[in-house]
Amino acid sequence: MRVLFVTYAERTHFLAMAPLAWALRTAGHEVRFASQPAFVDEITQAGLTAVPVGRYRDPGRALELTPGWQTAGRAGLPRPYDVAQRHPDDVSWPYLRDEFARQVKDWHKYENVPMIPDLVAFARAWRPDLVIWEPTTYAGPIAAKACGARHGRVMFSLDIYGVTRDHYRRLRAQQPPHDRGDALAEWLDAYARHHGGEFTEDMITGEFTIDQFPRSLRMEADLTYLPMRYVPYGGPAVVPQWLRAAPRRPRVAITMGLVATERFDGYAVNLQDILDSLADLEIEVVATVAEAEQRRLARIPDNARLVPFVPLHALVPTCAAVIHHGGFGTLSTTALHAVPQLVLPLHFDEPALAEGLARQGCAIHLPAERATGPAVREALLRLLGEPAFADGAHRMREQMRALPTPNEMARRLAAMTADRRPVTTG
């Protein structure tokens, strides 16, 4: 079959999709990966065939359009998707209606509209059997509708989008007819009708959703979920010489992700304070720190090695613990290698994921605003000294390994694409 993957130019989203694209390609299917022209090199470096569509728009610019973005963008989930963590009784219709309308205008249209004409034209010419899209690249289902392909989402995060949509539909049905506005559906319906169809709810949440978290961490809506094992991929990588030898002391990795330095003005925690607090411990600290952030440090302790980048899937297996921000790829890679985690979350779904990991007994959750040097030191000593965390990490690894591999998912996608009956949850 022919499979078209679609994402706007957001690296973290692409990295979560690439292993499935490889699996489909090596199973003998034709695979194309569509994104904005500025993202072509990222796709081709992964060994995949790129299709440039539309023009580039910086995803960070959409964030900057939000009033108070420097604060709001770092405080958990964006509006209105923050309702995904609320009790249904605490979710109001005016809030959802108005915030959805704003996000459609300031975020979803901003990212998607430039891609749509080229993507639809390509889909109609190439005729994919299946379109796979990340959950906010609505150009994907628009193109699928235009060419008659099956389509579904691949998650790079908790499914805050599906859960929020459940709240929206529930509350919308309770409103009088004159107050049932649905900005997202109305926008997508205009494109569907332009291309000879009409809006259906799967244009927002897919015919199915591929989720790479075990059920213990998942956030689920009333949708069809297909579980798939996470496979680490972080882009082109070289294993450095120093990493080839086993560490002489317990190794602790520190990584706070890329968003903090690429989108904001630095890390949400005081890295100098943390390094200083660990300086007298009999451990080896390996911290992946952007060069700009390294220049801000007054000193580097003797037991610390700072590097701009090291392949996480090569570093984590050598570690006794990992201190990180709670990003999807970092926590999943660490979980796959049964390493205890100290999570210092702030942004997007990181706080919810940190709480979930802590409940599973494989991590300590320390919110970024409370992550002082002494607090990090105390938590790390617990991770290293209490066997229960290592036991929890091994249980989490088994949950991850129990999920179907991308190769198995490729077979399932091929079978269900040949069979037009509704997809059932796996």
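## Two helices crossing

Axes here are lines fitted to C-alpha atoms, for helices over the stretch in contact, and angles run from 0 to 180 degrees between N-to-C directions. With that in hand, and bearing in mind that this is a predicted model, take α1 (residues 11-26) and α19 (residues 406-418): they pack at an angle of about 65°, and their axes are 8 Å apart. The crossing of α1 past α19 is right-handed.

Who does the touching? On the α1 side the contact is made by Pro19, Leu20, Ala23 and Leu24. From α19 come Pro406, Asn407, Met409, Ala410 and Leu413.

## The parallel sheet

Next, the strands. Six of them form an open sheet with parallel pairing, in the order β10-β9-β8-β11-β12-β13. The edges are β10 (304-307) and β13 (363-365), each of which pairs on one side only. On average, neighbouring strands of this sheet are turned by 15° against each other, direction ignored.

For a look at one pair, pick β8 (residues 251-255) and β9 (residues 284-288). These two run parallel and are joined by 5 bridges. Thr255 has Thr288 of β9 standing opposite.

Nonpolar side chains tend to be buried together in soluble globular proteins. In this model the largest nonpolar core has 72 residues, and Ile160 and Leu188 are the ones with the most contacts inside it.

Which residues does Leu188 meet, leaving aside its neighbours within four places in sequence? Leu188 is in contact with Tyr138, Ile142, Phe199, Met203 and Ile204.

Helix α15 (328-336) is mostly covered, with 8 of its 9 residues buried. The buried set is Phe328, Thr330, Leu331, Ser332, Thr333, Thr334, Ala335 and Leu336. After α15 comes Ala338, with a positive phi near 55°.

Ala338 sits in the loop between α15 and β12 (341-343), and it has that positive phi although it is not a glycine. Its relative accessible area is 9%, and because the limit for buried is under 20%, Ala338 counts as buried.

## Met155, a well-covered loop residue

Met155 lies in the loop between β5 (150-154) and α8 (160-173). Buried or exposed? With a relative accessible area of 1%, Met155 is buried.

Its surroundings come from several parts of the chain. Neighbours within four places in sequence aside, Met155 is in contact with Ala16, Pro135, Tyr161, Thr209, Ile210, Asp211, Gln212 and Phe328. Phe328 is one of the buried residues of α15. Another pairing to check in the viewer is Met155 with His13: their C-alpha atoms are 8.1 Å apart in space, while the two residues are 142 apart in sequence.

Asp182 is in the loop between α8 and α9 (183-194). Its relative accessible area is 6%, so Asp182 is buried. The side chains of Asp182 and Arg165 are joined by a polar contact of 2.7 Å. Besides Arg165, Asp182 is in contact with Tyr168 and Arg172, leaving aside neighbours within four places in sequence.

Glu99 belongs to helix α5 (residues 93-112). At 11% relative accessibility, Glu99 is buried too. Its side chain makes a polar contact of 2.8 Å with the side chain of Arg102. Not counting residues up to four places away in sequence, Glu99 touches Arg79 and Pro80. What is the peptide bond from Arg79 to Pro80, cis or trans? That bond is cis, with omega near 0°. Pro80 itself is in the loop between α4 (69-72) and α5.

Terms used: Residues are numbered from 1 along each chain as its sequence is written. This is a predicted model: local features need pLDDT of at least 70, side-chain atom pairs count only at pLDDT 80 or more; totals for chains, interfaces and linings use all residues. Side-chain values use heavy atoms; hydrogens and water are left out. Helices (H or I, at least four residues) and strands (E, at least two) are DSSP runs, numbered from the N terminus. Buried means under 20% relative accessible area, exposed over 50%, partly exposed in between (1.4 Å probe, protein chains only). A polar contact is a pair of N or O atoms within 3.5 Å; within protein, one must be able to donate a hydrogen and the other to accept it, and residues adjacent in sequence count only if both atoms are side-chain atoms. Contact means heavy atoms within 4.5 Å. A nonpolar core is a set of buried Ala, Val, Leu, Ile, Met, Phe, Trp, Tyr and Cys residues joined through side-chain atoms within 4.5 Å. Two strands pair if DSSP finds at least two bridges between them. A crossing is left-handed if the near helix is turned anticlockwise from the far one by less than a right angle, and right-handed if clockwise.
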